[in-house]
Amino acid sequence: MNSPHNMWFMFDLKWNRNQNKRFFLTPHQSVPAISRQAQTTKKIFISWLLFLSLPDCPPLGLESLRVDDSQIQASSYQRSGLGPHRGRLNIQSGIEDGDLYDGAWCAEYKDQHQWLQVDAIYHTLFTGVILQGRNSIWSWDWVHTYKVQLSNDSVNWETCMNGTEEAIFEGNQNPETPVLGRLPVPTVARFIRINPQTWYFNGTICLRAEIMGCRVDGRQKMLLYTETDNDLDFRHHNYKEMRKLMKSVTEECPDITHVYTIGKSYMGFKLYVMVISDNPSKHELGEPEFRYVAGMHGNEVLGRELVLNLMQYLCREYKKGNQRVVRLVTETRIHLLPSMNPDGYEDAYVKGSELAGWADGRYSFEGIDLNHNFPDLNNIMWDAQETAADKSKVSNHYIPIPEYYTKEDAMVAPETRAVISWMQDIPFVLSANLHGGELVVTYPFDCTRDWAPVEDTPTADNAFFRWLATVYASTNLVMANPDRRICHSEDFQSHNNIINGGAWHTVPGMNDFSYLHTNCFEVTVELSCDKFPHASELPIEWENNKESLLVYMEQIHRGIKGVIRDKLTKQGIADAVIKVEDHDHDIRSAADGDYWRLLNPGEYKVVVWAEGYFPSMRRCNVGMEPHPTICDFTMTKTPLQRLKEIRAKGGKIPQDLQLRLRALRLRKLRASTKAINRRRESQRLQQARKARSTGAQRA
C-alpha cells in the first residue's frame, strides 16, 4: 500500500449549489508515486489550473494570532526576544532592543540552512508567503531571497519548484514593506518552511511573515467562504461600496435612518454619517446623542466595517422587534461615522489587508495624523490653573479653540475641521473612537502634564471613564480571554485591558478635546492586533465586538438628565452650567435647555447657574439601574437681568465671555475652512481646464 507521503491527489472542482458560496475540492483518484519527473508533471497537471477560478486563499493567521506560538518553530534563534513566535507579519518591537519583545524572528547563524516553520495543524492548500523585515529603531535586517519547503510530517520535505528548478522567491528591500511571493503551484501540505537564501549585506537573517492558504479537511474538501447567520455584509468596502451599503440600509429602514455629511476630505470624499433613531432627522428634547467614529487612521479598518455592520444589525433587529435594540433606538439618537479619513483608507484598500503594512494609509492625504491634529486644550487649562490666584475661577470645560488654530495657514486637516464643527453642532453625550493595532481601551486624559512621555493623568471623571472602558473591554470576547497572547510588546491584561491614555503614550487627541471643549465623554477602543484584518476574519470580529458595541451605547443612560427652564416662561435655558459637587468638571445645557451628566451610582449635590439667573441646587440620587435619574431645574431671573432685558434692543451674542470667545473662534475656524475650500476648488478647476486644453492640443 502506498504511504500518504508518497501519493499525490487528483481533484475535481465542483460547485455545490445547495451551499451558499462554497467551493469544494473532492478527491477524484489517488496516483502512486513514480519518478520525480512524473511527479512534477502530475503536480503541474493538478497545479490548480482549476484553482485559478477560485478566490484567493486567506492568511493562516500569524498576524491575527489565530496561529498559536506553539505552531511556529525555527532552525535557531539569537535569543528569546527574537524567537520564532516573533516572526509574525507587522509585529511591533518594544522600545529597547534586547528585551523579550523584539520585532522579528532572527536566526542565530547566517547561512542558507536556517528556516522558520509553521504547522498549519490541518492539511492546507498553500498559495503564498508574505515577508517583511525586522521592526526595530536600532537595527536594519531583512531577507532578500528565500525558498519554500513543504511537508506532511515535518520529516520529509520538498522544495517548491518553478518548472524543473527550485523556486527562488523575492523578499524585501527594506524592513517594513510587505512582499507577497506566490507559489508557482499551489500545494496541499501540513507544514511549510521559509528558507532564507540571501539577506541584507549589513544585517542578519530576520523576518516577519504571513502564510496564505486554505484549509482542506480529511475528506479533501476546501471551504473558502461561508455566510453567517446574521447575513451581514462581511467584506471590505471602499468609498463607493460604503455609500451603497448605507443607501441600502436607509432604503430598508427609512423610518429610523437618516444620512448626512459633515464635510469633505482633502481629496473630496464626503464624510458620511448615518443617524439611527425613531426620529432621526432632529434632536428630541431629553434624548441623548451618541456617536461612534471610525477610520481616523485610514489603515485601521476594522472599526469601519464594524460600524457598517452595526448599521445593518440595528436596522434588521429593530424590524424584528428585538426589544433591546428597539429600546436603544427609541431612547437614543445614534450617529455613526464609518470613515473619518477616507483618503487614507483608499490608499490602504488598494494595497489590501496583508500588503498595506503597518502605516500605509494611516495619515491623511496631506500627511497629517488626525489624532494629533486637535488643539491642545489640556495645557491651556493646566497653565491657567497654575497661574490663577483662585483655581476655582478657571474654567474646566468648554475651553475655546486657541486663536492660532483658526487661521487659514494653520496645519489643520479638512477632516479635523469638519469633525470639530460637527462636535459643536450636536450636543453629544458619549462617544467612542475606534482604532486598531492593539487590544485595549484607553480613557482620558491622553495628554500628560508637561508632556511627560508616560504618566497616569486622570480626569475629574476618572471613575466613570474607567467604568466605560471596563464595560467595553470586559464584554469583548478577545480582550476578556485570559489566555490570549499579547499583540506586540505590552501586556494590557495586567491592567484588565484598560489604561489611562497618558499612561500609555501622550497625545492631545480627540478624546481630550471632546471632554474639554464639549460635554461629550469619549474613549478610544483598540479593536484588534491586526490593523487591516482579512475579509475572512470579519465575521468572527463582529461576534467579538457585537455585545461590546451595544452595551457601550447603553451607558449613555447612566447618571442624571433633565431640562433647565425659566420659571416664568417655562422655556429651556441654553448654556446653563451644571456643577456636580466633588467633580471638578462642569457641563452645559443644550439649546433647548436639556442636559445629561454621566455619573456612577451615588447621591450628588448638583448646582446649576446661568447668566442672569439665581443659582439653583438639588440633590440627585443615581441608582444601579441602567437608566438616568430625572433631575429638572427651574431658575428665576435676577432683578438686574430683567432690567437689562427691558432696556435691551436685541442682540444674540452671549454675555458670558467664555461662550462669546468660543463662538467667535468657531466662526473663524469655519470661515478659514470655507476660504481654503474655495481655493482648493479653484485649483482643481484650473487643473481640469489645463488637462482639457492639453488634450485638445494633442488631438
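The model is predicted, so local features need pLDDT of at least 70 and side-chain atom pairs count only at pLDDT 80 or more, while totals for chains, interfaces and linings use all residues. Residues are numbered from 1 along each chain as its sequence is written, and side-chain values use heavy atoms, with hydrogens and water left out.

**Exercise 1.** Work out how helices H3 and H10 cross, and which residues make the contact.

Step one: find the helices, which are DSSP runs of H or I with at least four residues, numbered from the N terminus. H3 covers residues 302–320 and H10 covers residues 538–554.

Step two: take the axes, which are lines fitted to C-alpha atoms over the stretch in contact, with angles from 0 to 180 degrees between N-to-C directions. The axes of H3 and H10 come within 10 Å and cross at roughly 70°. That makes H3 roughly perpendicular to H10 (the class runs from 65 to 115 degrees).

Step three: look at the contact, meaning heavy atoms within 4.5 Å. H3 brings residues including Leu306, Leu310 and Tyr313, and H10 brings, among them, Trp542, Leu549 and Met553. The contact residues of H3 and H10 divide into ten nonpolar, two polar and three charged (Ala, Val, Leu, Ile, Met, Phe, Trp, Tyr, Cys and Pro count as nonpolar, Asp, Glu, Lys and Arg as charged, the others, Gly among them, as polar).

**Exercise 2.** Describe the salt bridge of Glu317 with Lys320.

Step one: check the distance. A salt bridge puts a side-chain nitrogen of Lys or Arg within 4 Å of a carboxyl oxygen of Asp or Glu, and here the closest N and O atoms are 3.3 Å apart.

Glu317 and Lys320 sit three residues apart in H3, so about one helical turn separates them.

Step three: check exposure (buried is under 20% relative accessible area, exposed over 50%, partly exposed in between, with a 1.4 Å probe and protein chains only). Glu317 is buried at 12%, whereas Lys320 is exposed at 65%.

**Exercise 3.** Find what the salt bridge of Arg665 with Glu403 links.

Step one: the closest N and O atoms of Arg665 and Glu403 are 2.9 Å apart.

Step two: this pair ties together distant parts of the chain, with Arg665 in helix H12 and Glu403 in the loop between helices H6 and H7, 262 residues apart.

Step three: Arg665 is buried at 14%, and Glu403 is partly exposed at 28%.

Notes:
Helices (H or I, at least four residues) and strands (E, at least two) are DSSP runs, numbered from the N terminus. Angles under 35 degrees count as roughly parallel, over 145 as roughly antiparallel, 65 to 115 as roughly perpendicular and the rest as oblique.
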